[in-house]
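Visitor: Hi, I'd like to walk through this model with you. Could you show it to me?
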Amino acid sequence: MRDIDYMTITDAVVSAYADTPNERLREILGALIPRLHDLIRDIELTPAEWRMTMDFLLQAAKASSDQRNDFILLSDLLGVSAVVDLVDGRDDDGATSATLLGPFYVPGQPDMTSGADLIKDNPGERLVVQGQVLSANGSPLPHAVLEIWQNAPNGLYTAQDPDQPEDNLRCTLRADAEGKYSFATVKPRSYKVREDGAGGKLVKASSWHSWRPAHIHFIISADGHKRHVTQIFDAADPYVDKDAVFGVRADLVKPFDQAPTDADKANFPDVQSPFNVVNVDWVLAPTNG
């Protein structure tokens with residue numbers, strides 16, 4: 001390694017990692033290192049800019065916690081998360097679109113059955129979300145599990161707001177024997193992604209905006225099918241066509257202002273009127289093999 005120079009450095013580093021035991025990690029490093037080095041050469045990154053980049057990543061680390069991951073936020077803002085999802089789902093014929101996990105997912109939320117009421121003491125417009133979980137062949141997926149979370153009417157998630165209970169507007173819901181599910185909630189709000197960390201610094205420096213359209217998060221699981229990470233978006237939200245993190249997909253945009261039918265009112269007698277209904281079926285891709 002004595003003859004390392006401006007160009008030979010890349011071969012030296014690739015060679016150093018060439019015996020990485022994990023085949024997939026070896027493949028990734030073999031592709032990443034040359035691309036990263038070429039980028040540095042192409043843009044002529046200076047030592048001062050490199051130090052700024054390291055400090056920037058340190059800010060993301062300092063802002064992260066068990067309930068907040070600023071590295072996921074950076075990935076979202078740069079479109080990386082969206083590309084990962086689109087690559088992963090490109091062969092999932094017939095399945096509903098997947099989209100971003102986001103930085104505020106917390107596993108292990110309270111178990112509830114279909115028909116659960118998440119409203120509790122939250123103010124705001126009331127919604128009933130209902131539908132069915134299906135396989136790509138059209139068959140119902142009985143007892144599918146739906147992890148659900150959203151922001152409160154003040155625009156904040158529980159991790160951002162110490163005045164909210166940790167499980168506010170969150171649950172793990174089990175569909176019924178026909179794969180049908182429903183729950184009552186309040187209408188989510190469009191909101192700015194957090195600007196007090198590295199992600200906010202990036203947005204301000206780039207003159208891009210930090211608004212996300214109103215949405216509800218889902219992770220849907222069923223035996224023999226891919227774990228499905230997705231969201232639904234309010235069709236009337238002003239940011240639905242300019243999401244700061246590029247997460248909107250056409251089939252995930254739903255009207256949040258549909259009036260309930262008489263049957264809906266009968267099925268949800270305990271939900272205070274007026275309320276609106278969001279109908280959304282989820283189609284999951286079977287796992288390979």
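Visitor: Is asparagine 267 buried or exposed?
Guide: Asparagine 267 is exposed, with a relative accessible area of 54%; buried means under 20%, exposed over 50% and partly exposed in between, with a 1.4 Å probe and protein chains only. This is a predicted model, where local features need pLDDT of at least 70 and side-chain atom pairs count only at pLDDT 80 or more, while totals for chains, interfaces and linings use all residues. Residues are numbered from 1 along each chain as its sequence is written, and side-chain values use heavy atoms, with hydrogens and water left out.

Visitor: Thanks! Which element holds asparagine 267?
Guide: Asparagine 267 belongs to helix H7, residues 262-267. Helices (H or I, at least four residues) and strands (E, at least two) are DSSP runs, numbered from the N terminus.

Visitor: What joins serine 273 and proline 274?
Guide: A cis peptide bond, with omega about 0°. Proline 274 sits in the loop between H7 and strand E12 (275-279). For background, most residues other than glycine have a negative phi, and most peptide bonds are trans.

Visitor: On that note, what is phi of glutamate 44 near?
Guide: Near 55°, a positive value in a residue other than glycine. Glutamate 44 is in the loop between H2 and helix H3 (47-63), and is exposed at a relative accessible area of 63%. Lysine 120 also has a positive phi, near 50°, and is found in the loop between strand E2 (116-117) and strand E3 (126-135).

Visitor: New topic: how many salt bridges does the structure hold?
Guide: There are 7, where a salt bridge is a side-chain nitrogen of Lys or Arg within 4 Å of a carboxyl oxygen of Asp or Glu. One of them pairs arginine 24 with glutamate 27 at 3.0 Å, N to O. Those two are 3 residues apart in helix H2, so about one helical turn separates them. Arginine 24 is exposed at 52%, and glutamate 27 is partly exposed at 49%.

Visitor: Which residue does aspartate 38 meet in a salt bridge?
Guide: Arginine 41, at 3.0 Å, N to O. Both lie in helix H2, 3 residues apart. Aspartate 38 is partly exposed at 38% relative accessibility, whereas arginine 41 is buried at 13%.

Visitor: What about aspartate 234, which residue is its salt-bridge partner?
Guide: Lysine 187, with the closest N and O atoms 3.4 Å apart. Aspartate 234 lies in strand E10 (residues 228-234) and lysine 187 in the loop between strand E6 (180-186) and strand E7 (191-192), so the pair ties together parts that are 47 residues apart in sequence. Aspartate 234 is buried at 5% relative accessibility, while lysine 187 is partly exposed at 23%.

Visitor: Which residues are linked in a network of salt bridges?
Guide: Asp88, Asp92 and Lys226.

Visitor: Back to helix H2: where does leucine 36 lie, in residue numbers?
Guide: Leucine 36 lies in helix H2, which covers residues 23-43. At 43% relative accessibility, leucine 36 counts as partly exposed.
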